[in-house]
Amino acid sequence: ILFLSNLFSFNSYSNEIERVSLLILDKSASTKYVLNFNNTFTFRDITFELVACEETTFDKYIDKIALMKIHQNDETFIGWFFKYTNELNLYSNKIYEITLKECIIEN
């Protein structure tokens, strides 16, 4: 509920520009790629769409999070990616491991 309320409050700041940086590990070729984009980006057969950037406070630190839509073939994943709390990332893929490097909100 907290994430959804933050998302709706975020939409009221339409003059802000969001950028995301993702680290993609191709497990089949042991190759790393860094993707930097604002709205959408297509990498091979996957399309990434940045929905929102937020900061959330845990007990001892502030984590940056990104709400992402990931389209691959006929499947769509919508979920949060955490920069420091990787174990909360729910997206899984046989070939690619995706990690949030940065989620930036600019005025």
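Select Cys53 and Cys103: both are buried. Buried means under 20% relative accessible area, exposed over 50%, and partly exposed in between, with a 1.4 Å probe and protein chains only. Before moving on, note what is loaded. This is a predicted model, in which local features need pLDDT of at least 70, side-chain atom pairs count only at pLDDT 80 or more, and totals for chains, interfaces and linings use all residues. Residues are numbered from 1 along each chain as its sequence is written, and side-chain values use heavy atoms, with hydrogens and water left out.

**Stop 1: the disulfide**

Stay on the two cysteines. Cys53 and Cys103 form a disulfide, with 1.8 Å between their sulfur atoms. The cut-off for a disulfide is a pair of cysteine sulfur atoms within 2.5 Å. The structure holds 1 disulfide. It ties distant parts of the chain: Cys53 sits in strand E4 (residues 46-57) and Cys103 in strand E7, 50 residues apart. Strands (E, at least two residues) and helices (H or I, at least four) are DSSP runs, numbered from the N terminus. Which hand does the disulfide have? The torsion about the S-S bond of Cys53 and Cys103 is about -90°, so the disulfide is left-handed.

**Stop 2: colour by confidence**

Switch to pLDDT, the predictor's confidence in each residue, from 0 to 100. The protein averages 86, and 86% of the residues score at least 70. Strand E2 (residues 31-37) has the highest confidence, at 97. Helix H1 (residues 2-10) has the lowest, at a mean of 49. Where pLDDT is low, the predicted coordinates should not be read in detail.

**Stop 3**

Strand E1 (residues 17-26) runs antiparallel to E7, joined by 10 bridges. Two strands count as paired if DSSP finds at least two bridges between them. Pick Glu18: Ile105 in E7 stands opposite. Now turn to the other pairing of E1. E1 and E2 pair in the antiparallel sense over 7 bridges. Leu25 has Lys32 in E2 as its bridge partner. The hairpin of E1 and E2 has 4 residues between the strands. Select Ser30 there; Ser30 takes a positive phi near 50°.

**Stop 4: the open sheet**

Select E3 to E6. They make an open sheet of 4 strands in the order E3-E4-E5-E6, with antiparallel pairing. E3 and E6 stand at the edges, each with a single partner strand, so one side of each is left without a neighbour in the sheet. Neighbouring strands here are turned by 25° against each other on average, direction ignored; axes are lines fitted to C-alpha atoms, and angles run from 0 to 180 degrees between N-to-C directions. E3 and E4 share 4 bridges. Phe43 has Ile46 in E4 as its bridge partner.

**Stop 5: the rings**

The structure holds 9 aromatic pairs. Rings of Phe, Tyr and Trp (its six-membered ring) pair if their centres lie within 6.5 Å; planes under 30 degrees apart count as stacked, over 60 as edge-to-face and the rest as tilted. Select Phe43 and Tyr96: this pair is edge-to-face, 5.7 Å centre to centre, with 75° between the planes. Phe43 lies in strand E3 (residues 40-43) and Tyr96 in strand E7 (residues 96-106), 53 residues apart. Are they buried or exposed? Phe43 is buried, at 9% relative accessible area. Tyr96 is buried too, at 7%.

**Last stop: Leu90**

Leu90 lies in the loop between strand E6 (75-82) and E7. Leu90 counts as exposed, at 68% relative accessibility. Draw a distance to Phe77: the C-alpha atoms are separated by 9.4 Å, with the residues 13 apart along the chain.
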